[in-house]
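Subject: Structure handover

Hello,

Here is the structure for your files.

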Amino acid sequence: MNKLRKILLVDDDEHTNFLNKAIITHARFAEEVIAQMTAEEALAYIRDHQASGDLPDLIFLDINMPLMDGWEFMQEYAQMFLDDNTPKVIMLTSSINPKDEQRAQKLEGLSGFRSKPLSSEVLEEIYHEHFTAAV
């Protein structure tokens, strides 16, 4: 499995970001991992890096965050002009509500929906599902 260049973590829980970053680093899944604590900061990061093309390959997005949640993030994200190099977005959740997954399947621009926590096995599945054709 080849490394991704960059991953963006979007989660308001510092411990979750720390754990996910450690799992990604240990699995040698990405060269760089950036964490943003709010959806607003993540959208600003994407806008700031869009012109230079320095976007992440993959975004892991929490659903439940204050102010702007993952659903609202996806509404904004879907309206952004992005090209063929649009980052894949995987929602990560601790929710066990099946309605969340059903809702996620209908979202434009969403590449997947996974339960927390991440694991090296989940990372490998995501890689093979979304990135092997591009390599």
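**Salt bridges**

Asp54 and Arg5 form a salt bridge, with their closest N and O atoms 3.0 Å apart. The term means a side-chain nitrogen of Lys or Arg within 4 Å of a carboxyl oxygen of Asp or Glu. Asp54 sits in the loop between helix H2 (39–50) and strand E3 (58–62), and Arg5 sits in strand E1 (residues 4–10), so the pair ties together parts that are 49 residues apart in sequence. Helices (H or I, at least four residues) and strands (E, at least two) are DSSP runs, numbered from the N terminus.

Before you go further: this is a predicted model, where local features need pLDDT of at least 70, side-chain atom pairs count only at pLDDT 80 or more, and totals for chains, interfaces and linings use all residues. Residues are numbered from 1 along each chain as its sequence is written, and side-chain values use heavy atoms, with hydrogens and water left out.

Back to the first pair. Asp54 counts as partly exposed, at 27% relative accessibility. Arg5 is also given as partly exposed, at 32%. For these labels, buried means under 20% relative accessible area, exposed means over 50%, and partly exposed lies in between (1.4 Å probe, protein chains only).

How many salt bridges does a search of the whole structure find? It finds seven. Side chains of opposite charge can pair when their charged atoms come close.

Arg114 takes part in two of the bridges described here. One partner is Glu125, with the closest N and O atoms 2.7 Å apart. Glu125 lies in helix H5 (residues 120–130) and Arg114 in strand E5 (residues 112–115), so this pair ties together parts that are 11 residues apart in sequence. Glu125 is partly exposed at 42% relative accessibility. Arg114 itself is buried, with a relative accessible area of 18%.

Glu129 is another partner of Arg114, and here the closest N and O atoms are 3.5 Å apart. Glu129 lies in helix H5 and Arg114 in strand E5, so the bridge ties together parts that are 15 residues apart in sequence. Glu129 counts as exposed, at 52% relative accessibility. Elsewhere, salt bridges that share partners join Arg5, Lys6 and Asp54 into one network.

**Overall fold**

The protein has five helices and five strands. Which order do the elements run in from the N terminus on? The order is β-α-β-α-β-α-β-α-β-α. The radius of gyration is 14 Å, close to the 14 Å that the globule rule gives for 135 residues, so the protein is as compact as a globular protein of that length. That radius is taken over C-alpha atoms, and the rule is 2.2 Å times the number of residues to the power 0.38. The C-alpha trace spans about 35 × 35 × 25 Å along its principal axes.

Of the 135 residues, 44% count as buried.

Leu110 is in the loop between H4 and E5. Is Leu110 buried or exposed? Leu110 is buried, with a relative accessible area of 16%. Leaving aside neighbours within four places in sequence, Leu110 contacts Met74, Val89, Met91 and Ala104. The C-alpha atoms of Leu110 and Asn20 are separated by 19 Å, and the two residues are 90 residues apart along the chain.

Arg47 belongs to helix H2. Arg47 is partly exposed, with a relative accessible area of 43%. Not counting residues up to four places away in sequence, Arg47 touches Glu76 and Met80. Arg47 and Gly109 are 62 residues apart in sequence and 16 Å apart in space, C-alpha to C-alpha.

Glu101 is placed in helix H4 (residues 98–105). Glu101 has a relative accessible area of 38% and is partly exposed. From Glu101 to Met91 there are 10 residues in sequence and 9.3 Å in space, C-alpha to C-alpha.

Best wishes

Key
Contact = heavy atoms within 4.5 Å.
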